[in-house]
Amino acid sequence: MAELTPMMKQYMETKKEYPDCILFYRLGDFYEMFFEDAITASKELEITLTGKSCGLEERAPMCGVPYHAVDSYLSRLVAKGYKVAIGEQVEDPKEAKGLVRREVVRIVTPGTNLDTAALDETKNNYLCAIVYLTDRFGLALADVTTGEFFATEFDSSDKALDEICKYAPSEVICNESLHMSSISQEELENRCDASVSTLDSWYFSESICTKVLLEKFKVSTVDSLGLGEFACAKIASGALLSYLQETQKTDLSHITGISVYTTGNYMILDNATRRNLELVETLREKQKRGSLLWVLDKTKTAMGARLLRKYIEEPLLSKELITKRLESVKELKNQMINREELREYLGPIYDLERLIGKVVFGSANPRDLLAFKNSLYMLPFIKGLLGEFSAPLLVELEDELDDLRDLHDLLANGIQEEAPLAMKEGGIIRTGYNEEVDRLRAAKSEGKEWLAKLEEEEREKSGIKNLKIKYNKVFGYYLEVTNSYKGQVPDYYTRKQTLANAERYITPELKELEDTILGAEDKLYALEYELFQEIRRTIADNIVRIQKSAKAVATLDVLCSLAYVAEKNNYVCPTINENGELDIKDGRHPVVEKMIPGGSFIPNDTYLNDKKQRISVITGPNMAGKSTYMRQTALIVLMTQIGSFVPAKSAKIGLVDRIFTRVGASDDLASGQSTFMIEMTEVAGILRNATSKSLLILDEIGRGTSTFDGLSIAWAVVEHISDSKLLGAKTLFATHYHELTELEGKIENVNNYCIAVKEKGDDIVFLRKIVKGGADKSYGIQVAKLAGVPSSVIERAKVIVNELDQADITNKIKDIEVNAGRKSRTKKPLYDEVDLSQMSLFDTVTDDDVLKEIEELDTESLTPLEALNMLHRFQNKLKNRW
């Protein structure tokens, strides 16, 4: 019976240990895949599928990739969601007895990919662990390329999901229980575009998680890590760490601690708000250009770019911390020459965070260390310049920035300036760093000169004029003396071989020279690699120092970027208050003003407070600029709370705990949700989660359903928000329902504003200016004309609108006394609850019946919603009368 060859048996045994991975098996200069792995890889990587004799009757399907190009192939598979196990040769084939021993040295997954060429340097590549236990969600996130590690927990699936989406992990691992919560695997995959996998239950054992954390961070209790009061976060952190240790098979020494945080430290931004405000990418194209990040990101380093993204997604709530950032930005803005010099020094700095990650994983090559050295060269200059600033945060950065001169000097003295990428082919160590390297290198290049010199010396000593040093593969180097000079051979010569007309000898010095020359290249390459590893280990031993300096550089880069943008875009420093006042003079949209011709953006004021100016109802036609105006207000508040200057003439900003936006939606056909359902779901989330310190941006609430229902919902939402006992949040409320302008004067904290429009006959001009008062027209037909709708349709629309104007609900509402402040003590019957479609065809309704009901109405006790419902019912009765 046929059986597998020894090599293939070895392969199959390894494959059994990693059934969920594609196994890259090192065979000489190639990583090869067999059987199902080969079929999958050949298809996904578009490489040739061949066969290999394996001992069975049929050849094993096989494909392979060159070892020197493996990273690009790995990244392509990982990007498609596959896990790849790297089976490496772990002993020298020259020294192996029988089969070369091979072991899986690392498992590459979407969240553990180290190939910096395949990763976006401006974004973190997060691996996320989420744990669901008894109505709580624990969250842990790590970026193995930088060593960052975060943990937190939530009591709500919505909050947990929003937090995951904020970090946008490429891979999520979870426990089985999560599938019994309201967070589904499909939702994680679709909303976060992440690879999701469920791990075995042992990963989430509390005792195992605790043990893993204590051993990794060398502490006696989890309280020392800040996890004492976060049981779910502790388990998520332990599970994540176990997964990393299992897949990376290293001590992960660059992960030096866990940043445990609560959402109370930062402004909470739900997924809808981040998308609607286009903070880091545009809503439709998912591009950076056109986002707030695009405007603010003038950073010089990859580390700074990643940190700025984090700032934008995590605005601060602490007035003290915000003020420290603003003071730093202000001083950097004012000291333009020093700032620009700092930015010049920041420019050549490579990604220190990811370079140290490569050092820890042992994948840093000589060129990486040269990049590291060149980066460190800039640190003393930056530290010196920072000493000239007085803002508290800049002083702190100067103190935290270690110039790492010792490491720079080590690299400058140890690594050749033109070192190659390859680590085992020599040319790495600088001349003068190590005596043995210098001797071996000289032996390799100057061996012939040494032999010629020795030959000349021996001729002079012995007087043998035709003495020659020769070489063959059997005897190596030897001295050849013809028989005519045989009597002059010195006594320290040792005979090696006798020929017919000559004798061959060897001397101790020649033997030493032979050993030096013949073994020089191999010894040189081996020694250089050993010294390179030693230098790399020294760098790794200084992880904490390097990471601290890298963080300081990244923070300085962000502050310089914000200062540069503030100067170039004419931003002002906002003043912060905690009394709820929001007063913006000549505010501008930071993105829109950059996308349109210079100077053509129309600025606008905004004033809101917690008293009589709590809600602004904004009316005006489509395309007039309502959404831009409301978004710019939200962005100015958010920019303030990340510590940035803002696009305005002046800005007094009351800190907000959350920003909510409801700015439109599209049908979600995949989940079976309509526009209106999505809209109402978002509104429900806002009303449930907002507080009196939140800022609400609500655009066209209720437009996804019938006019009566939509108006009723919008009206009720405004009433709810305005009531400080129910909510009382500052709100910008844009609407097409001009009937809502009736609320001004009836609810004391509601105020009307509209977008100014200039009419020219049948045409209109948008002035883009917010003015006090409510619009009484929608200008829909004029907007349709601007959009290019055919003139025949426009003319017909004018006729129809005149007919419909006869039944204008606004006029009818004015005939009914509305008092939003008084509630009925006894519930009035809601006549609209009758199903009119079920009325008997023989039932008749007369005008007298309707008039009689109106006469009997107690208008003093009617709520606005009841009044609207009654109008709706009366209209239906009259339409259905015989």
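## Salt bridges

There are 45 salt bridges in this structure, a salt bridge being a side-chain nitrogen of Lys or Arg within 4 Å of a carboxyl oxygen of Asp or Glu. The model is a predicted one, in which local features need pLDDT of at least 70 and side-chain atom pairs count only at pLDDT 80 or more, while totals for chains, interfaces and linings use all residues. Residues are numbered from 1 along each chain as its sequence is written, and side-chain values use heavy atoms, with hydrogens and water left out.

Let's start with E206 and K234, whose side chains form a salt bridge at 2.8 Å, N to O. This pair links distant parts of the chain: E206 sits in helix α6 (residues 206-217) and K234 in helix α7 (residues 231-248), 28 residues apart. Helices here are DSSP runs of H or I with at least four residues, strands are runs of E with at least two, and both are numbered from the N terminus. E206 is partly exposed at 45% relative accessibility, and K234 is buried with a relative accessible area of 9%. For these words, buried means under 20% relative accessible area, exposed means over 50%, and partly exposed is in between (1.4 Å probe, protein chains only).

Next up is R306 with D351, a salt bridge whose closest N and O atoms are 2.8 Å apart. R306 is in helix α10 (residues 302-313) and D351 is in the loop between α12 (336-346) and α13 (352-361), so the pair ties together parts that are 45 residues apart in sequence. Both R306 and D351 are buried.

K730 and D610 also meet through their side chains, in a salt bridge of 3.3 Å, N to O. With K730 in strand β24 (residues 730-735) and D610 in the loop between β19 (604-608) and β20 (615-619), this pair ties together parts that are 120 residues apart in sequence. K730 counts as buried, at 2% relative accessibility, whereas D610 is partly exposed at 28%. Salt bridges can also join up into a network, as they do for E163, K166, K310 and E314.

## A glycine in helix α7

Back in helix α7, have a look at G238. G238 is buried, with 0% relative accessibility. Its C-alpha atom is 8.7 Å from that of A140, a residue 98 places away along the chain. Leaving out residues up to four places away in sequence, G238 touches C209, V212 and L213; contact means heavy atoms within 4.5 Å.

## Nonpolar cores

In soluble globular proteins, nonpolar side chains tend to be buried together. A nonpolar core is a set of buried Ala, Val, Leu, Ile, Met, Phe, Trp, Tyr and Cys residues joined through side-chain atoms within 4.5 Å. The largest one here has 110 residues, and L296 and I659 have the most contacts inside it. Helix α19 (residues 543-568) gives the most to this core, with 14 residues.

I659 touches residues including M267, I268, L269, A634 and L695, not counting those up to four places away in sequence.

## An antiparallel sheet

Four strands make an open sheet in the order β13-β14-β16-β15, with antiparallel pairing. Two strands pair if DSSP finds at least two bridges between them. At the edges stand β13 (468-472) and β15 (494-498), each with a single partner strand, so one side of each has no neighbour in the sheet. From one strand to the next, the twist averages 40°.

β15 is joined to strand β16 (residues 502-506) by four bridges, and R495 has Y505 in β16 as its bridge partner. Helix α17 (residues 435-462) packs on the sheet, touching β13 and β14 (476-482), and its direction makes about 135° with that of β13. Axes for such angles are lines fitted to C-alpha atoms, for helices over the stretch in contact, and angles run from 0 to 180 degrees between N-to-C directions. Helix α18 (residues 508-540) packs on the sheet too, touching β13, β14 and β16, with its direction at about 140° to that of β14.

## A mixed sheet

Another open sheet of four strands runs in the order β17-β21-β18-β19, with mixed pairing. β17 pairs with strand β21 (residues 650-654) in the parallel sense over three bridges, and I576 has I653 in β21 as its bridge partner. Helix α21 (residues 626-642) packs on this sheet, touching β17, β18 (582-587), β19 and β21.
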